[in-house]
Amino acid sequence: MDKIVIEDFSIEYSDGTESLRHINLHIPANQLTVLFGPAGGGKSTLLRSINRLNDLADVKSTKGQILFDGINILDKKVDVINLRRKVGMVFARPVVLPFSIRRNLTYGFELAGVRDAVLIEESVERSLVQSALWDEVKDRLDEPAISLSGGQQQRLCLARSLIQQPEVILLDEPTSGLDPISTLKVENSLQDLKQDYTIVLVPHSVQQAARTADTAAFFLQGELIEVGIGAELFTNPTESRTQRYIEGRYG
Amino acid sequence: MDTPFIPGPQQRKAQAIFSQAIEILITAVVKAMGYSAIVFVIMIFYFLMSEGIAAVGEVPLSVLFSARWYPIEGYYGILPLIGGSLLVTVGATLFAVPIGLATAIYISEIAPRWMREVLKPIIEILAGLPSVVLGFIGIIALAPQLRVLLDLPTGLTALAGSILLGLIAIPTIVSVAEDALDSVPRSYRDAALAIGATRWQTIMRVTLPAARSGVLTGVMLGVGRAIGETMTVMMVTGNAPVMVRSLSAILMPTRTMTATIAAEMGEVAKGSVHYHVLFLIGVILFLISLIVNIIASAMVFRVKKRAERILS
């Protein structure tokens, strides 16, 4: 079952950078889909289009469709705020807000006007367990979030995107600033999260792409070169450009 | 081959001494310039004090702090002037801060890029407008309108002064606050939007608090400009040193400390009591702006310290 279907999607920034051309991509539900390739290929742009975060950027034109459960989210009538609650996002650098650990998590509820204390309390624990952070912070939820280590902060951001029970999680190089152990923890929790969520990951290295991908899509200079099942694409790519990138000849 | 490509030991030593001397000289010059700012402030204060302090001896305090300013007959009550300054400044602040902040937020957060490129230079031009011109506009355009609109005996009131001073403060507030908002990292906005905040919630709860210290600095600088402004208020406030006793004073003529000094300094006999009192008003003005600045930097400092505490 495909959660997100991208049909002939093109986007162009007004300064001409990182545009995407005629992208066709099926993102299956309950799988981890990896978008990889050299910098400037448009991976982040595609990611930010799925939750319409590009609305505020200087976009010159968009064409095509992005279907989320069959609904075109590029449609002007789509409720963007609601969409973003269904599509969580984690960024390359952990952005913790200057509050306590707990309030960082519950802030989304606060903004949405949810006041059910029991629901909130349960959600805090669930999201922290899911992001493999619960054991480390359960006794100090009221401490400032900024006191956490970088890896913990990134898992807190993951928890924050999970707390409102989105259907899709977008991750833009979530482990680029983390040490190998924290990276492993994040990757492991992503594997567990697949059961309940659809995950789209832009990895920060080919190795991470190969380790984590169920489906992999290779982007080069705004074009989607090749899509395939992760294990196959990384061992036996059909395109020579993909092959050479995976072998580390460029990028 | 008189000058070898690689300097000999003698030459290297000379070069080292020379560059060291330059280093010391430049450090000394920069240091002197840094200190000169402090020296100038102290000298200005000393000059004001040396002329103004005499007034305290010449005029009894009960007269000085009375409600009547009529120097020709020996009434040197400065309270109406302080009141006038405060009234006009508070009015200007109430007028300028909401408009200034809203403009800054619009330019930095909402306006499309081409709009931003049009608005910013215009605001900066507004900042460079001579205050005499504003005062002129006030007399010709604003005051008659106010008189008709509010059915007053004269339009030259504290309100007119407040509005024009507000116009003077707005560009400062806008450009400093806009810079502060602009320097908030984009990642903050992204993070807020990604967890489902509306644009308004993002601005009010994330961007604005993150830029707080810069925004506050902008407001304080704007208010500081308003307090010290002379020409405009002298032209449009009607210049009647009336005691401020109620809120309705905003609709009556008033006179500020700055306008008093500017209007009377030219005609006063040097060394007279009146002359000394005018300097005393200068001292008070100086102290007020000092206090405003200290409060501003203390607020900025406190905010910064709190942020550092959280970050450490």
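Mentor: Let's start with helix α6 (residues 150-162) of chain A, which has 13 residues and reaches 18 Å from its first C-alpha to its last, close to the 18 Å expected at 1.5 Å a residue. The expected span is 1.5 Å times one less than the number of residues. A helix here is a DSSP run of H or I with at least four residues, a strand is a run of E with at least two, and both are numbered from the N terminus.

Mentor: Keep in mind that this is a predicted model, where local features need pLDDT of at least 70 and side-chain atom pairs count only at pLDDT 80 or more, while totals for chains, interfaces and linings use all residues. Residues are numbered from 1 along each chain as its sequence is written, chains are lettered from A and ligands numbered from 1 in the order in which they are written, and side-chain values use heavy atoms, with hydrogens and water left out.

Trainee: Why is α6(A) called largely enclosed by the rest of the structure?

Mentor: Because 12 of its 13 residues are buried. Buried means under 20% relative accessible area, exposed means over 50%, and partly exposed is in between (1.4 Å probe, protein chains only). Among the buried residues of α6(A) are Arg155(A), Leu156(A) and Cys157(A).

Trainee: What makes a nonpolar core, and which residues have the most contacts inside the largest one?

Mentor: A core is a set of buried Ala, Val, Leu, Ile, Met, Phe, Trp, Tyr and Cys residues joined through side-chain atoms within 4.5 Å. The largest has 42 residues, and Phe36(A), Leu128(A) and Leu156(A) have the most contacts inside it. Its largest share, 5 residues, comes from α6(A).

Trainee: What does Leu156(A) touch?

Mentor: Contact means heavy atoms within 4.5 Å. Leaving out residues up to four places away in sequence, Leu156(A) touches several residues, including Val96(A), Ile101(A) and Leu128(A).

Trainee: How do you know which strands are at the edges of the open sheet of 6 strands in chain A?

Mentor: Two strands pair if DSSP finds at least two bridges between them. The order is β6-β7-β8-β3-β9-β10 (chain A), with mixed pairing. Strands β6 (87-90) and β10 (223-229) of chain A each pair on one side only, and that marks them as the edges. Inside the sheet, 4 bridges join β3 (residues 32-36) of chain A to β9 (residues 215-220) of chain A, and these two run parallel.

Trainee: Which helix packs on the sheet, touching β3, β7 and β8 of chain A?

Mentor: That's α7 (residues 180-193) of chain A, and its direction makes about 150° with that of β8(A). Axes are lines fitted to C-alpha atoms, for helices over the stretch in contact, and angles run from 0 to 180 degrees between N-to-C directions.

Trainee: How do you know that the radius of gyration of chain A agrees with a compact globule?

Mentor: The radius is taken over C-alpha atoms, and the globule rule is 2.2 Å times the number of residues to the power 0.38. With 251 residues, that gives a value near 18 Å; chain A has 18 Å, so the two agree.
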